[in-house]
Amino acid sequence: MSTVIYPSPIYGPVHSRRLGLSLGINLMPSDGKICTFDCLYCECGFNKDHRTHTPYPTREAVYSALEKQLIQMHNDGTHPDVLTFAGNGEPTANPHFAEIIDDTIALRNRWCPKAKISVLSNSTFSGKDSVRNALLKVDNNILKLDTVDPDYIRRVDRPTQPTYDVQQIIKNLKWFNGHVIIQTMFMKGDGTDNTGDEYVQPWLDAVKYIAPMEVMVYTIDRETPDQKLLKASHEELNRIKSLVEAAGIPCTASY
């Protein structure tokens with residue numbers, strides 16, 4: 001099984017199928033994975049297989065590495081389309097997340113003012129005040145909602161927090177008052193399939209309630225730790241995309 005553990009705190013730039021030329025900011029250690037989910041489809045593998053033995057990168061370390069990379073790209077005449085918080089786990093779990101967002105905005109404004117700042121999050125800390133306020137400052141606040149079905153979440157997303165409550169997560173996402181992009185993974189295989197109406201219609205009702213600026217639906221693109229999982233088809237994603245657009249919400253599909 002091949003999984004990806006990203007360098008820290010900066011990696012790339014890489015070409016993202018959803019975001020363009022993306023410079024990655026990994027707020028997790030470089031030797032493992034820290035996440036509040038343990039998804040069957042995570043390209044970084046299962047949590048238990050990648051235990052980290054080093055601390056989170058500090059605010060100072062992130063600032064220094066990001067500034068160095070942005071200066072180099074600026075001098076080379078190459079500017080990222082987006083600065084993306086992602087990597088080996090949940091970025092908002094870093095205790096200095098809010099301060100790092102402020103630093104990143106300042107560096108972006110100086111060295112690549114046209115670049116967007118994106119955060120890819122599983123939403124588990126979307127009720128925390130410091131995280132919320134930081135996410136309001138970024139261009140693309142991309143928060144996960146794979147389904148509203150608790151059994152599916154337990155089997156597939158596998159939250160590590162026993163208090164995880166998807167209905168509360170939905171309320172948290174509504175709190176952003178439209179300054180949020182919902183990202184949802186659709187897939188099949190190994191007894192898993194969230195592409196049918198049994199899952200799509202309740203999810204769509206939640207999306208309408210949240211009223212995000214955009215929805216991103218996507219499917220498996222890289223090797224997964226559960227190798228029995230299968231991609232959703234183009235037809236399935238296009239059908240779901242059409243349902244979202246019919247509700248008046250912009251939607252993109254990544255195959």
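Among lining residues, Ala, Val, Leu, Ile, Met, Phe, Trp, Tyr, Cys and Pro count as nonpolar, Asp, Glu, Lys and Arg as charged, and the others, Gly among them, as polar. By this division the lining of the largest pocket holds 16 nonpolar, twelve polar and ten charged residues. This is a predicted model, in which local features need pLDDT of at least 70 and side-chain atom pairs count only at pLDDT 80 or more, while totals for chains, interfaces and linings use all residues. Residues are numbered from 1 along each chain as its sequence is written, and side-chain values use heavy atoms, with hydrogens and water left out.

Twelve salt bridges are counted, a salt bridge being a side-chain nitrogen of Lys or Arg within 4 Å of a carboxyl oxygen of Asp or Glu. Three of these pairs are tabulated here.

| Salt bridge | N to O distance |
|---|---|
| Aspartate 139 and arginine 108 | 3.1 Å |
| Arginine 239 and aspartate 197 | 2.9 Å |
| Glutamate 245 and lysine 241 | 2.7 Å |

Accessibility is described as buried (under 20% relative accessible area), exposed (over 50%) or partly exposed (in between), with a 1.4 Å probe and protein chains only. Arginine 108 counts as buried because its relative accessibility is 10%, whereas aspartate 139, at 25%, counts as partly exposed. Arginine 239 is partly exposed at 33%, as is aspartate 197 at 42%. Glutamate 245 is likewise partly exposed, with a relative accessible area of 36%, and lysine 241 is partly exposed at 22%. Separately, Lys33, Asp38 and Arg158 are linked in a network of salt bridges.
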